[in-house]
Amino acid sequence: MLLLLPVDSTNQEEAKLTKVFEAKSWAQIDVEDGMIRSVKFNDAYDGFDDISEAVILENDGENPMMFMDYNMMPLVAHTQRSIDDIVEAYLFRELHDLAY
């Protein structure tokens, strides 16, 4: 599963989830068999070789339409901010569907 996150840094250990329009970078996280296989960073959400399957948003107020055009499932991380916390929440199904 490829997860897409708007983040404030390209440092995997320090990067925190941020609002879409405040993103300094985008992280694409490859999660397989309950583990992070790779983390790639890019300046644009659509700049990766493979299309992400889900986008993780900071709150319900974010506009998901540009991601839905790529058939990405929008999920919301209400309290998680670090990459590790978000992946853990994803694995334990603690991320929420976007409330329209």
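Is Arg-81 buried, exposed or partly exposed? Arg-81 counts as partly exposed, because its relative accessibility is 24%; the class runs between buried (under 20% relative accessible area) and exposed (over 50%), with a 1.4 Å probe and protein chains only. This is a predicted model, so local features need pLDDT of at least 70 and side-chain atom pairs count only at pLDDT 80 or more, while totals for chains, interfaces and linings use all residues. Residues are numbered from 1 along each chain as its sequence is written, and side-chain values use heavy atoms, with hydrogens and water left out.

**Salt bridges**

- Side chains of opposite charge can pair when their charged atoms come close.
- Three salt bridges are counted here, where a salt bridge is a side-chain nitrogen of Lys or Arg within 4 Å of a carboxyl oxygen of Asp or Glu.
- One of them joins Arg-37 and Asp-33, at 3.6 Å from N to O.
- Arg-37 is partly exposed at 43% relative accessible area, and Asp-33 is exposed at 66%.

- Glu-58 pairs with Lys-19, with the closest N and O atoms 3.6 Å apart.
- Glu-58 sits in the loop between strand 4 (54-57) and helix 1 (65-68) and Lys-19 in the loop between strand 1 and strand 2, so this pair ties together parts that are 39 residues apart in sequence. Helices (H or I, at least four residues) and strands (E, at least two) are DSSP runs, numbered from the N terminus.
- Glu-58 counts as buried because its relative accessibility is 15%, whereas Lys-19 is partly exposed at 34%.
- Arg-81 also forms a salt bridge with Glu-58, the closest N and O atoms being 3.8 Å apart.
- That pair links distant parts of the chain, 23 residues apart, with Arg-81 in the loop between strand 5 (73-76) and helix 2 (83-91).

**A negative patch**

- Asp-8, Glu-13, Glu-14, Asp-84, Asp-85, Glu-88 and Glu-94 gather in a patch of negative charge on the surface. Patch residues have over 30% relative accessible area and no salt bridge, and like charges are joined within 9 Å.
- Glu-13 lies in the loop between strand 1 (2-7) and strand 2 (25-32).
- Glu-13 counts as exposed, because its relative accessibility is 64%.

Key: Patches are made of residues with over 30% relative accessible area and no salt bridge: like charges are joined within 9 Å, nonpolar side chains (Val, Leu, Ile, Met, Phe, Trp, Tyr) within 5 Å. Accessible areas come from the Shrake-Rupley method with a 1.4 Å probe; for residues, only the protein chains shown count as cover. Lys and Arg count as positive and Asp and Glu as negative; His and the chain ends are not counted. The place of a charge is taken as NZ of Lys, CZ of Arg, CG of Asp or CD of Glu.
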